[in-house]
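The sequence and structure come first.

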Amino acid sequence: MQITLQTRSPSRTTLGSISFAAPSLCQSIFWRTSYTFEVLYAHLAPCITTLSGQYWGQRCVDGPISVGLFYFGEFTFTMLARFFSVMMFTPIFMITGVFVAVLGTICSHLSIKAQLSVKREMSTAKAPVLGRLGAAVSGLVSLRAYGAQEAFTKESMKRIDRYTRAASTFYNLTRWVCVRVDAMGGLFAAGLAAYLVYFKSHGASNTGFPLNMAVGFSGMILWWIQRLNELEVHGNSLERIEKYTNIEQEPNLTEGGIPPAYWPSSGKLEVENLSARYSPDGPKVLQGISFSIRAGESIGIVGRTGSGKSSLTLALLRCIFAEGRALYDGIDTSKINLDSLRSNITIIPQIPELLSGTLRQNLDPFDQYDDATLNSALRSSGLFSLHKGGDDEGRVTLDSPISTGGSNLSVGQRQVLALARAIVRGSKLLILDEATFAIDNDTDAIIQSSLRHELGPGVTVITVAHRLHTIMDADKIMVLDAGKIVESDKPGELLRDPKGKLRALVGESGDREHLFELANFQQ
Ligand SMILES: Nc1ncnc2c1ncn2[C@@H]1O[C@H](COP(=O)(O)OP(=O)(O)OP(=O)(O)O)[C@@H](O)[C@H]1O
């Protein structure tokens, strides 16, 4: 008698056509039951996976989860079906099957122990390789200009070697477990074949069918063990994510930390005994400094490298650990929420960050202002002064594209844009940290004049400067040294002291006369 069985399901158009002679009743029952389950599964599985996909999709990515669950279910079902069909024919092999599964699990556990630590090493070694590659791509021109290719390649090779050492060990460990589990699967199938052929021969169909099932089953066991192994090893990435989520956080927003709606109405700033450090147990980089700035004043901060100028601006924004009091328009900055504080102080850092998009999106990310306001801010910041040549192609407009980090603009242009952004935001306190160091003198002069005339009344400007001429006409200059204010007064007054720190800095400068002139100081 010849029977042909053909199964169909939406997931697999045709599972296969199996022909065999004189099947036993048992085989016939098995295939019928199996077919019924298959059909049921084919209809139920999409519903189950869609539902579970929707449930998990709220937390994760819908598509991959649904597909993953579908195949997971299908695979498990097939594996169990194969296992039970072998057991139906040769129950004695249940003992061997369990033995193989236990041995496989032991092997997998052994390799996981080694793989986890190697995977950690791999993850740690991968970041420097990728970082180096990114640096090479972005700094290609500088690398060639300075002839640093060889040194760069050497260092890159060292990093790649470190990564490869870990990666090849990881690969070998994977092979170690695969070879063993494969061998066990093979032994299981070979043992079964020998048993069926030599000890329990009931014809070709009764030997071929369970043998076929057994070979498939042992392959699937291997797949299962590998997947579980991978799951555990890749769980290491979750461990890393968890580490990042558990890092020290800034204080949460509170109801009591919301400042009144009118705040800040002016840029008045009073600082009392402000000390700051970069870590809770680090040294103090600001040593109890006190000063007060009236609304609308322009203050210059100077000092030698490492004197604490940038740290002072960071302490005002509460970006580093600070003690003491800083009152911004009468409100203690430590009592208000960080987002309120930082959204009301604009800082233009040494190298401003821009986002990829258009210039308009960078100036006004929430689409709150019209083009006239944005163009006016660009004009005030001095951007249009950069287009003296009248070359339309290179002209920066609101629709000009900006690459990630502003990499298609010069550092000077980025600073001008950051200034325009500050003008648009209209904060009452503007901090320029060496903001004009990359701008040529002419543009700088335009910016300085714009800062004085375009920011409106009540806006306090604190300028951290190395180029003294940017602050010589400020209302007040503070000279920092080793985290302390050593001098603070009008520029003219400070210059009067022949032993003064500012006088010494001006004396070292090449354009001393011009600086004296800017400060209205007669020698
Ligand atoms: N991230 C940091 N972690 C620890 N200490 C830091 C950090 N940044 C700066 N410092 C230390 O804080 C002190 C003040 O540095 P700061 O950057 O404020 O000086 P600066 O006057 O702005 O210098 P520069 O003119 O070179 O920018 C220095 O002693 C410096 O070593």
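## Helix α6 and its partners

In this predicted model, helix α5 (residues 149–199) packs against α6 at an angle of about 165°, and the two axes are 9 Å apart. The angle is over 145°, so α5 counts as roughly antiparallel to α6. The crossing in which α5 passes α6 is right-handed. On the α5 side the contact consists of Val177, Cys178, Val181, Asp182, Gly185, Phe188, Ala189, Leu192, Ala193, Leu196 and Val197. On the α6 side it includes Thr207, Pro210, Leu211, Ala214, Val215, Ser218, Gly219 and Ile221, together with Leu222, Ile225, Gln226 and Asn229. Sorted by class, the contact of α5 with α6 holds 16 nonpolar, six polar and one charged residues.

Helix α3 (residues 93–138) also meets α6 (residues 204–245): their axes come within 9 Å and cross at roughly 30°. This angle is under 35°, which means that α3 is roughly parallel to α6. Here too the crossing is right-handed, with α3 passing α6. From α3, the residues in contact are Val100, Ala101, Gly104, Thr105, Ser108, Ser111, Ile112, Gln115, Leu116, Lys119, Arg120 and Ser123. They meet Ile221, Ile225, Leu228, Asn229, Glu232, Val233, Asn236 and Arg240 in α6. The class count for the contact of α3 with α6 is eight nonpolar, eight polar and four charged residues.

## The four-stranded sheet

Four strands form an open sheet in the order β4-β3-β6-β7, with antiparallel pairing. β4 (284–293) and β7 (331–332) each have a single partner strand, so one side of each is left without a neighbour in the sheet. Helix α7 packs on this sheet and touches β3, β4 and β6 (321–328), and its direction makes about 70° with that of β4.

Strand β3 (residues 269–277) runs antiparallel to β4 and is joined to it by six bridges. Within that pair, Leu274 has Ile289 in β4 as its bridge partner.

## The ligand shell

Which residues surround the ligand? The shell is made up of Tyr278, Gly282, Val285, Gly303, Thr305, Gly306, Ser307, Gly308, Lys309, Ser310 and Ser311. Helix α7 (residues 309–316) gives the most to this shell, with three residues. By class, two nonpolar, eight polar and one charged residues stand around the ligand.

## The six-stranded sheet

A second open sheet has six strands in the order β8-β11-β12-β5-β13-β14, and its pairing is mixed. Its edge strands are β8 (345–348) and β14 (484–489), each of which pairs on one side only. From one strand to the next the twist averages 20°.

## Helices α10 and α11

Helix α10 (residues 371–381) packs against α11 at an angle of about 130°, with the axes 8 Å apart. That angle makes α10 oblique to α11. The two helices cross in a right-handed sense.

Thr373, Leu374, Ala377, Leu378, Ser380 and Ser381 of α10 make the contact with Val416, Leu419, Ala420, Ile423 and Val424 of α11. The contact of α10 with α11 divides into eight nonpolar, three polar and no charged residues.

How values were computed: Residues are numbered from 1 along each chain as its sequence is written. This is a predicted model: local features need pLDDT of at least 70, side-chain atom pairs count only at pLDDT 80 or more; totals for chains, interfaces and linings use all residues. Axes are lines fitted to C-alpha atoms, for helices over the stretch in contact, and angles run from 0 to 180 degrees between N-to-C directions. Angles under 35 degrees count as roughly parallel, over 145 as roughly antiparallel, 65 to 115 as roughly perpendicular and the rest as oblique. A crossing is left-handed if the near helix is turned anticlockwise from the far one by less than a right angle, and right-handed if clockwise. Two residues are in contact if their C-beta atoms, placed from the backbone, lie within 7 Å. Ala, Val, Leu, Ile, Met, Phe, Trp, Tyr, Cys and Pro count as nonpolar, Asp, Glu, Lys and Arg as charged, and the others, Gly among them, as polar. A residue is near a molecule or strand if its C-beta atom, placed from the backbone, lies within 6 Å of it. Two strands pair if DSSP finds at least two bridges between them.
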